[in-house]
Amino acid sequence: MMASDKKVRILFAKPGLDGHDVGAKVVVRSLMEAGFDVIYTGLRKTPEEIVRRARAERVDVLGLSILSGSHIPICRRVKTLLQEQELEDILWLVGGNIPDQDHEELKKLGVDGVFSVGTPLQSIIDFIRARVQSGALHYYDGRAS
Amino acid sequence: MKPPEGTGVQAVRNESGLEIKPVYTATDVESSGGWGGIGAPGEFPFTRGIHQDMYRKRPWTMRQYAGFGRPEETNERFRYLVAHGQTGLNVAFDLPTQVGLDSDDPAAQGEVGRVGMAVDTLRDFEIAFAGIDLNEITVSLTINGSAAILMAMYFAMAAKRGYAIGQLRGTAQNDILKEFIGRGTWIFPVEPSIKLVGDTILYCAEKAPLYSPVSVCGYHIRESGADPVQEMAYAFCIAKAYIDHVLGRGLHIDDFASRLSFNFDIHGNLFEQVAKFRAGRRLWAKIVKDQYHPQDPRSMWLRMIAGGGGGGLTIEQPENNIVRSAYYALISALSGTQTMALCCYDEAYTIPSERAARIALRTMQILIEEMGLCDTVDPLAGSYYVETLTNQMEQRICAVMSELEAQGGIVSAIAAGRIQDVVSRQAFERQRKLESGEIRKVGVNCYRMEEEERPPVEFHPFKEEVCAEQIERLNRIRSERDNAKVAGALQTVRADAKAGRNVMPSIIAAVEAYATVGELTQCLVEEYGRYEEPTRF
């Protein structure tokens, strides 16, 4: 089986207290239509809940949608938890209302892709597919939990 | 789509699905339902406006949404807006306050004072409204999940400053049902959430009859993906759910209906929006008249705040948003709104700067002072196109309501996540059409520039120290207040919630003793439980 034929598992989460989920749901739907296996957490999940779920569901990609401006403190916490859970290889994406000047800091925290408001849906899909095709995606689905 | 017969032009449909003809005549008005429903302003069915003289008597209230940081920073912005001619306030609260958490709650970390003003106790309200005459400037509280607590704080603050609650005007958003569809600041499950809204309506009907306890929001439902017809239809179904609830608890329709208000969204086709509001005003009057039999004509009024429209603004070429907002304001004025608020051009990036907030305010002032929008009532009345569209929109809104009611009503549809599913599907479709260019959006999928300019946006400075200072004040109040009195007051709230009594009086007593938002929410959660979100795809 080609690596690209393998179903990529994605956990898509809304961390923090922000309740604006229009964009998150649009992205979830588009990833599903693109053939990915997507789990959506719903609103107001703590970093702890999200990382625990990522581990339990053995997902390959973690997507966070944040519009409240609290992306830096949230991602700091998520980074620590990903390290603790030995999930640093996960493909970690962050989207939402992320000012340009914060992209660098998020990347330093280990975020692989930042998708600000205005990103075409196809770019997110293409980004994940490119990682799959280049063999850079670390699959978690085969490993023991 | 097939071109209309006998014409050489492409077919056009508006967002609500109505086919638009190249030319309208009197025949179209007649065949769509006639001229009979237009009436006179200030008279049933209020198509042309709820007041006889509308803006000739008083222009719409200008009420920009504002709030950030601690109450001190917010008070400063309030004073700035009032000094520049704003006639009402619209308070933005931070997310911890909106979901019932104190500033020192671990879940509030990173969110204190970020998207709105932080509130823990009555002290914060005292600071936020210092120097603002509550009779001159009416205050709207954009609060939902924790609305009963924040309304209690507002009443307690006003009473402490010597205002008679019976004379106090103002509005709370307090529309929890739409929070389950969009915006997402729910706390309790659906049924007790409705009961809490009912408590505030009952309390206001008795003690604060001039205060508007609920502003039913089509706005956020539209922002979540609903079309203009669904926006009105779902909002009316939600308003009816609150009305039915409080009638069941013994109120008469005239005890409260004149204080119900609505909040609607404006973006998209100008004529469709104007027709939406004229149709909505007429249909709401008919619904209240036929289904609830009021004696007081004011019970049939569709009073509204209309503006926005965040969903129409773009992150690309942000200065274009100044132009869009000006058109939205024009639509709002042509539609006979009572209150207007505009999203600022920089809102896709940041908390609005003073400059952006001032431009939005000036946009409304230019309409009032220079454009003749206040000279005559409902100036588009009698237009073949607008009247035809008004008739057609009314029929569509009515049809969507009937369909939803036949399926068991809006409350069960929301609890099961069905409305959420419908609108989020539509949001996805809309996004797809935007990306394919089927829906044209200037600066987004057409008229892009080779080198997009860096946006001239001034980012709102978020001060990390705000959180520490807010927590310090909270701790000081916790140590200075009479904690035995607080514990007793909280016990009464719990007992009232358990017994199904109206919790407003005991919440007011508790906030007067400086009980916190988090403590009160916790009491209510113990009795009511927490909402479990259905996440279906």
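Mentor: Happy to; what follows is a set of questions and answers on a predicted model.

Trainee: Let's start with chain A. In what order do its helices and strands run from the N terminus on?

Mentor: Chain A has five helices and five strands. Reading from the N terminus, the elements follow the pattern β-α-β-α-β-α-β-α-β-α.

Trainee: What radius of gyration does chain A have, and what would a compact globule with 145 residues have?

Mentor: The C-alpha trace of chain A spans about 40 × 35 × 25 Å along its principal axes, and 46% of the 145 residues count as buried. A compact globule with 145 residues would have a radius of gyration near 15 Å, and chain A agrees with that because its own value is 14 Å.

Trainee: Which strands stand at the edges of the sheet in chain A?

Mentor: The sheet is open, and its five strands are paired in parallel in the order β2-β1-β3-β4-β5 (chain A). On average, neighbouring strands are turned by 20 degrees against each other, ignoring direction. One side of each edge strand has no neighbour in the sheet because each has a single partner strand; these are β2 (37–40) and β5 (113–116) of chain A.

Trainee: Which residue is the bridge partner of Ile10(A) in β2(A)?

Mentor: Strand β1 (residues 9–13) of chain A runs parallel to β2(A), and four bridges join them. In β2(A), the partner of Ile10(A) is Val38(A).

Trainee: Now the two chains together. Which element gives the largest share of the side of chain A that touches chain B?

Mentor: In total, 27 residues of chain A are in contact with 30 residues of chain B. On the chain A side, two or more residues come from each of α1 (22–33) and α3 (71–84) of chain A. By class, that side has 13 nonpolar, ten polar and four charged residues. The largest share, seven residues, is given by α1(A).

Trainee: Moving to chain B, how does its radius of gyration stand against the globule rule?

Mentor: Chain B contains 19 helices and twelve strands. For 537 residues the globule rule gives 24 Å, and chain B is as compact as a globular protein of that length because its radius of gyration is close to this, at 23 Å.

Trainee: What percentage of chain B is buried?

Mentor: Here a residue needs 20 or more other C-beta atoms within 10 Å of its own to count as buried. The C-alpha atoms of chain B fill a box of roughly 80 × 60 × 50 Å. Of its 537 residues, the buried share is 52%.

Trainee: Which residue in β7(B) stands opposite Leu141(B)?

Mentor: Chain B has an open sheet of five strands with parallel pairing, in the order β4-β5-β6-β7-β8. Within this chain, strand β6 (residues 138–142) of chain B and strand β7 (residues 170–172) of chain B run parallel, joined by two bridges. Opposite Leu141(B) stands Ala172(B).

Trainee: Last one: at what angle do helices α10 and α11 of chain B pack?

Mentor: Leu270(B), Gln273(B) and Val274(B) of α10(B) meet Tyr327(B), Ile331(B) and Leu334(B) of α11(B). By class, this contact has five nonpolar, one polar and no charged residues. The crossing of α10(B) past α11(B) is right-handed. Helix α10 (residues 270–292) of chain B and helix α11 (residues 320–334) of chain B have axes 9 Å apart, and they pack at an angle of about 30 degrees.

Key. Residues numbered from 1 in each chain as written. Chains lettered and ligands numbered in written order. Predicted model: local features only at pLDDT ≥ 70, side-chain atom pairs only at ≥ 80, totals over all residues. Rg over C-alpha atoms; globule rule 2.2 N^0.38 Å. Buried ≥ 20, exposed ≤ 12 C-beta atoms within 10 Å, placed from the backbone. Contact = placed C-beta atoms within 7 Å. Nonpolar A, V, L, I, M, F, W, Y, C, P; charged D, E, K, R; others polar. Axes fitted to C-alpha atoms, helices over the stretch in contact; angles between N-to-C directions. Left-handed = near helix turned anticlockwise from the far one by under 90°. Pairing = 2+ DSSP bridges.
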